[in-house]
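Dear colleague,

Please find the structure below, passed on to you for your own work. My notes on the chain and domain contacts follow it.

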Amino acid sequence: MALIQTLSLAHLPPSLAVHVALYQEVTNASFLQQQLLLGNSDFEYAFIDASVILSPNHLLAAVFRAVNDSDNGRLKSRNVHSEIVFALSPNNNIATSFRTFGILPTTRSLLVVKISTNPSITASSISQHLSATIEGTAIEFSKDNISKFTDIKKVKKIYKIGNKTDVQERKNRGSEKGTVVGELDDKKEMEVVILGMMALRGQT
Amino acid sequence: MIALGLEGSANKLGVGLILHPPKGGPAQILANIRHTFISPPGEGFLPKDTAKHHRAWVVRLVKQAMKEANVSVDDVNCICYTKGPGMGAPLQSVAVAARMLSLLWGKELVGVNHCVGHIEMGREITGAQNPVVLYVSGGNTQVIAYASQRYRIFGEALDIAVGNCLDRFARTLNISNDPAPGYNIEQMAKKGKNLLDLPYAVKGMDCSFSGILATVDSLAAKLEQDTTGCRDETTGEIITHEDLCFSLQETVFAMLVEITERAMAHVGSSQVLIVGGVGCNERLQEMMGMMASARGGSVFATDERFCIDNGIMIAHAGLLAYRTGFTTSLEESTCTQRFRTDEVLVKWRD
Amino acid sequence: MSASVFSPPHLPPPFVNTVPPPTLISQGAEALLYRTHFLQSTHPCALKYRPSKPYRHPTLDARLTKHRILSEARTMVRMRKEGLKVPGVLGVDCEPAHGDNARKGGGGWMMMEWVEGQTAKDLLVAVKETRKSCGREEVLREQVRNLMHRIGTILCKMHEIGVIHGDLTTSNLMIRHGAQQPHGITDGHAEGHGRANNTSGIETEPILREALVNGEVVLIDFGLATSSIQDEDKAVDLYVLERAFGSTHPEAEDEFNEVLKAYGESSRGARVVLKRLEDVRLRGRKKSMIG
């Protein structure tokens, strides 16, 4: 069985549950991507390559924006699920965002998001479908598991986060003082900057 | 006590007589008459011609006011005149008349700040206690609030005054200056419906209008050139002169309401008083009212008798100062084009 | 002053669903500031809501609201990217709605990180109170200078990347609690609404020391910010702070010099700005007007 985590995001109506699953060692990414490209309506999911996701917050901020845009009739892509993938993007090119954040034939670790857009969509219905179609190992959607797959270098490149951020400076300062400024701080700072860029995407 | 007030800082010559009852109570307006120098369409009023107009009319107006008020020279306590700010030549003509009356009748002179005149008259007529004041006219754009015996300027136009912006656009469109260019723009704006994009220039509590004027002027020029008609980008309708007036008003008034609201939030007041010639504009009053009521407050405005430059406000503010012992000696009875509102010590308020 | 009834406008979706409802912290002329949480109730955040202004033409209103929210958010994201301490932007909504929510009207919002701490204003007020009772005035003064130094440095960095704050006051400088800071000492609020603590001088001294010496300076409220690299604009920005400081904290005017000193030492161009500040002081901001 798949490990589906059902969340309700603050500010969104409680009826609008967000279901998230995380897979590792996925072997049929090519098939899954194909279903999206074919527009197979059974596969209305946000399939996201977990290597470009920094943290649960990173993913959920995209979910929040996509749902809010959907509620306000402002979807730029096909549906709320494709919009989640697009919402991760720092720029306005939808196709590029799918290639950057969406599932690719090479994807090994996969995040799946599904919004309960109608009452018939439940955790168990999703779980059944995913178990039957995804070839891989379901693991818990947690901060630690997410960070296991994050390719920090890639994320930095995507969001064009250079060395100017305070992270570097704080490290310097930290070493002066002889305290350890851990990876935690670094990631948190990155997350804040990324969330800001996502929030500004497409706002002209 | 009775004061005679003479105003002529711009193209209106005003003479007023006011009575402050000895035991307090509201001031009584004994006379408030005005004669306006109106320039032909497409032209503004020049200092020289305006001064000539004032000289030609001042004696007649004073006589008429005294007659209307049914007072004699003995009843008058002081002669109040506009010291500034305003246009030099017209101010001088009226100052000369004031000195002449002072010497002739043996009465003390009181030089009055024009802006303070507007504020005090507005407070008297509307009963607004301690409002934030928006003073908008052909020569001034200021947001003012009272604090420790000064009318302090919180925000102002950094270039041309809002009334000047409207007047000059009236010239661009060759609109009549009778009764006033701003009035005619207001009437045209009522028929406009397409809002065009104009610059919006607010910086904190200050604002500027010259960029807006340049843009709307160039739009008018484009309309003039293009005989087939320019169309609005969103509605596809042909843009009219009325649309230009409408867009200009909507934009500049939104700016004025915004800086006023910021000052109100700053000083914690919910009352707003609009004075000055542009204050007659009903759309401005309406917009200000909407803002004030959203803040749980209200807007106070006066009609054209008091909004537009007049002699009674000079008489009123002058008499307030006179009652605190303030007079202007003959030697000091000059006038000045520059005279900031916050230079006046407001001794008559707590 | 008559007490006016100022009922804040209703928050737009999605905040109609928020449990518990956002708490109003402050109301300015254009924006309302709420405390709420981001995606989980454990993650506090600030919500700045710019309601639609009914007095404005709807087209103009939408244009202005959008422009202002975006320009503020852009400035903050840019600064954060450059490594300057400002609240991170978490979410922005300034587009008109279509479809079912179209009737929600104009207005827009921005969610940003919550800054746990107090404003420089409240901190300085607390210092003033403590100074009287603690009898160690010079020590406190030195600590205030320490804080002023950090403020000067961050302001110089901000100007270096071409950001003019536009509304520098001690209410728009937050001092974030240090990591070692015990919790529950002050009710810190972002955007100039922290409350000073009321404990007596002797007790508060170590707490003050911690904030003065180790508190992180965070710039807030970029609603009036602009982009400029002109010395004149930078000098005016500093002048605004100097004036605000002088009227709010006259007792600490000497210490304020430390802001300018640190500013001048922080970059090569900063000295020119300080020179320009002298001119700005002489001229004042306001011109003499023609009637």
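Domain bounds, as used here, come from an automatic or database domain assignment. For chain C, that assignment gives domain 1 (23-113) and domain 2 (117-283). This is a predicted model, in which local features need pLDDT of at least 70 and side-chain atom pairs count only at pLDDT 80 or more, while totals for chains, interfaces and linings use all residues. Residues are numbered from 1 along each chain as its sequence is written, and chains are lettered from A and ligands numbered from 1 in the order in which they are written.

Within chain C, 15 residues of domain 1 and 17 residues of domain 2 form the contact (two residues are in contact if their C-beta atoms, placed from the backbone, lie within 7 Å). On the domain 1 side, β1 (23-27) and α1 (58-81) of chain C each supply at least two residues; helices (H or I, at least four residues) and strands (E, at least two) are DSSP runs, numbered from the N terminus. The most comes from α1(C), with five residues. By class, this side has nine nonpolar, two polar and four charged residues. Here Ala, Val, Leu, Ile, Met, Phe, Trp, Tyr, Cys and Pro count as nonpolar, Asp, Glu, Lys and Arg as charged, and the others, Gly among them, as polar.

No contact joins chain A and chain B, whose closest C-alpha atoms lie 16 Å apart. The contact of chains B and C takes 33 residues from chain B and 22 residues from chain C.

Yours sincerely
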